[in-house]
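Please look through the chain shown below and keep it in view while reading. The notes that follow go through its surface, its side-chain pairs and its overall form.

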Amino acid sequence: MTRSDLVEELAARFAQLTHRDAEYAVKTILDAMSDALVRGHRIEIRGFGSFSVNRRPPRIGRNPRSGESVQIPEKRVPHFKPGKALREAVDAKTVELGAKGQKT
């Protein structure tokens, strides 16, 4: 699902929202989440999952072309951990699709 798919779904589910309002709502939510992660905060959406920032320590890597050692600096990267309800829903759908695939 892309950002525009999310806007379309939101506009379709809520008839009182125009396409522009749905687009603004999605942009506002994603911007707020991005800002929180940039500040180092954790985002928790019950039933869906949590977003946090993980630290990747500095390390020595290799340039694949020359084989020369390269210093890779420390990084902070976003991390998503799905919630229990989301994991169970995905697992149930996977099992359901697997059972359908075996019947044919």
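**A phenylalanine in a loop**

With a relative accessible area of 36%, F48 is partly exposed, a label given to residues that fall between buried (under 20% relative accessible area) and exposed (over 50%), as judged with a 1.4 Å probe and with protein chains only. The model is predicted, so local features need pLDDT of at least 70 and side-chain atom pairs count only at pLDDT 80 or more, whereas totals for chains, interfaces and linings use all residues. Residues are numbered from 1 along each chain as its sequence is written, and side-chain values use heavy atoms, with hydrogens and water left out.

**The aromatic cluster**

- F48 is placed in the loop between strand 1 (43-45) and strand 2 (49-56), where strands are DSSP runs of E with at least two residues, helices are runs of H or I with at least four residues, and both are numbered from the N terminus.
- A search of the whole structure finds two aromatic pairs, a pair being two rings of Phe, Tyr or Trp (for Trp, its six-membered ring) whose centres lie within 6.5 Å, with planes under 30 degrees apart called stacked, over 60 called edge-to-face, and the rest called tilted.
- One of these pairs is formed by F48 and F80, and this pair is tilted, with 5.4 Å from centre to centre and 45° between the planes.
- Because F48 lies in the loop between strand 1 and strand 2 while F80 lies in strand 5 (residues 75-82), the pair ties together parts that are 32 residues apart in sequence.
- F80 is partly exposed, with a relative accessible area of 30%.
- F51 and F80 also form a tilted aromatic pair, with 4.8 Å from centre to centre and 45° between the planes.
- This pair links distant parts of the chain, since F51 is in strand 2 and F80 is in strand 5, 29 residues apart.
- F51 is buried, with a relative accessible area of 19%, and F48, F51 and F80 form one aromatic cluster.

**A nonpolar patch**

- On the surface, I45, F48 and F80 form a nonpolar patch that has about 230 Å² of accessible area together.
- Patches are made of residues with over 30% relative accessible area and no salt bridge, with like charges joined within 9 Å and nonpolar side chains (Val, Leu, Ile, Met, Phe, Trp, Tyr) joined within 5 Å.
- Accessible areas come from the Shrake-Rupley method with a 1.4 Å probe, and for residues only the protein chains shown count as cover.

**Salt bridges**

- A search of the whole structure finds six salt bridges, each being a side-chain nitrogen of Lys or Arg within 4 Å of a carboxyl oxygen of Asp or Glu.
- One of them joins R13 and E9, whose closest N and O atoms are 2.9 Å apart.
- R13 and E9 both lie in helix 1 (residues 3-13), where they are four residues apart, about one turn of the helix.
- R13 counts as exposed at 63% relative accessibility, while E9 is partly exposed, with a relative accessible area of 35%.
- E44 meets R42 in a salt bridge of 3.0 Å, N to O, and E44 meets R46 in a salt bridge of 2.9 Å, N to O.
- R42, E44 and R46 are therefore described as linked in a network of salt bridges.
- E44 is partly exposed at 43% relative accessibility, whereas R42 is exposed at 53% and R46 is exposed at 73%.

**The chain as a whole**

- The protein chain has three helices and five strands, which follow the pattern α-α-β-β-β-β-β-α when read along the sequence.
- The radius of gyration of the protein chain, taken over C-alpha atoms, is 20 Å, well over the 13 Å that the globule rule (2.2 Å times the number of residues to the power 0.38) gives for 104 residues, so the chain is more spread out than a compact globule.
- The C-alpha atoms fill a box of roughly 55 × 45 × 30 Å, taken along the principal axes.
- Buried residues make up 14% of the 104 residues in the protein chain.
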